[in-house]
Amino acid sequence: MPITDFTLSLDVVRVAEEAAIAAFSQVGGGDEKAADQAAVDAMRTALNSIDMDGRIVIGEGERDEAPMLYIGETVGTGKGPQIDIALDPLEGTTLAAKAMANALAVIAFAPRGGLLHAPDTYMDKIAIGPGYPEGTIDLDATPEENVHNLAKAKGVKVNEIVACVLDRPRHEQIISSLRKSGARVHLITDGDVAGVIHTAQPETAIDIYLGQGGAPEGVLACAALKCVGGQFQGRLVFRNDDERGRAVRLGVTDFDRKYMLDDLVSSDAVFIATGVTHGALLKGVQKELSGRGEAFVTTETLVMMSKTRTIRKLSMRRPL
């Protein structure tokens, strides 16, 4: 069964839907761990019902830290295609706990060996959408240089460039530099997978993503960009020897390597995200009653395939 088989993709859509519905039960409850655990449990159960030989390469952490959906865990029935899976059962745990916008259940898959085993560390990232010459952005350039080069490639003034950045103290210098250059800054509280994807969505008006976030989320975001085009560069950031040790265990030997999009996602991939709370990318889970008092749940899911460059939004409605 080829990796682009739509039946397999629909099976994985159901995985994201079930995780989103489970997480939604905890939305607004203020407990990030409970929301994440609900999504993890539902996602694992759904994954294990699929005919595939799946291996988690981006998950909830290493085995001693994550009893379920840990890096290296096998999922599925063991029959069917061998695939590698990157997932974040609840992208934006804080967003869900506080009932804020843009929480997602995210999963991507590729043939065995197609996704980088990224350690659970930070990563410096820069990304833009499709349609620009290679080399328009450079992780080693300053924020000012990058937005100036992007403005030139886009044929606009710098003050028309919108940069998306996570609102964190560690990004104060980046934010200050961007504003000094004249670019506009769109700050997000969480969810840098969606932040990177927004660079490929003209309707969001976001042109470039910059900043430091999780390396696993970098792989997930690249799976999405692989499906629509775009540019991404990243470099692992290590805060201590323990994080360097994690990288070594996953085969990382060059700690200063600048990763390009195709280094993180080296084969065709499928990216799937279901909205947990309403956001710019997707509608969130909704529960409703019919006129006869029957309870239903609805979801909206984004499905992207790199081989066919197709983007679909699927709506689902089923009884509770």
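## Residue classes and the model

In the classes used here, Ala, Val, Leu, Ile, Met, Phe, Trp, Tyr, Cys and Pro count as nonpolar, Asp, Glu, Lys and Arg as charged, and the others, Gly among them, as polar. The structure described below is a predicted model.

## The second largest pocket

By these classes, the lining of the second largest pocket comprises six nonpolar, seven polar and five charged residues. The elements giving two or more residues to this lining are strand S5 (122-128), helix H4 (143-154), helix H5 (172-181) and strand S8 (208-214). Of its 18 lining residues, Asp124, Leu139, Ala141, Pro143 and Ile174 lie nearest the centre.

## The largest pocket

The largest pocket has a volume of about 690 Å³. It is lined by 28 residues, and those closest to its centre are Asp88, Leu90, Glu91, Thr93 and Glu217. Strand S3 (82-91) is among the elements that give two or more residues to the lining, and S3 contributes the most, with five residues. The lining consists of eight nonpolar, eight polar and twelve charged residues.

## Annotated binding-site residues

An unreviewed UniProt entry places the feature "binding site" at several residues, including Glu91, Pro169, Asp192 and Gly214. From this set, the lining of the largest pocket takes in Glu91, Asp192 and Gly214, among others.

Pro169 lies in the loop between strand S6 (162-166) and H5. Its relative accessible area is 65%, so Pro169 is classed as exposed, the cut-off being over 50%. Gly214 belongs to strand S8. With a relative accessible area of 17%, Gly214 is buried, because buried means under 20%. Leaving aside neighbours within four places in sequence, Gly214 is in contact with Thr121, Tyr122, Met123, Lys125 and Asp192.

Methods: Residues are numbered from 1 along each chain as its sequence is written. This is a predicted model: local features need pLDDT of at least 70, side-chain atom pairs count only at pLDDT 80 or more; totals for chains, interfaces and linings use all residues. Side-chain values use heavy atoms; hydrogens and water are left out. On a 1 Å grid over the protein atoms alone, a cavity is a set of points where a 1.4 Å probe fits but cannot get out, and a pocket is an open set with protein on both sides within 12 Å along at least five of seven lines; lining residues have an atom within 4 Å of a point. Grid points are joined across faces, edges and corners, and a volume is the space filled by probe spheres set on the points. Helices (H or I, at least four residues) and strands (E, at least two) are DSSP runs, numbered from the N terminus. UniProt positions are given in the numbering used here, feature names are shortened, and annotations may be inferred rather than shown by experiment. Buried means under 20% relative accessible area, exposed over 50%, partly exposed in between (1.4 Å probe, protein chains only). Contact means heavy atoms within 4.5 Å.
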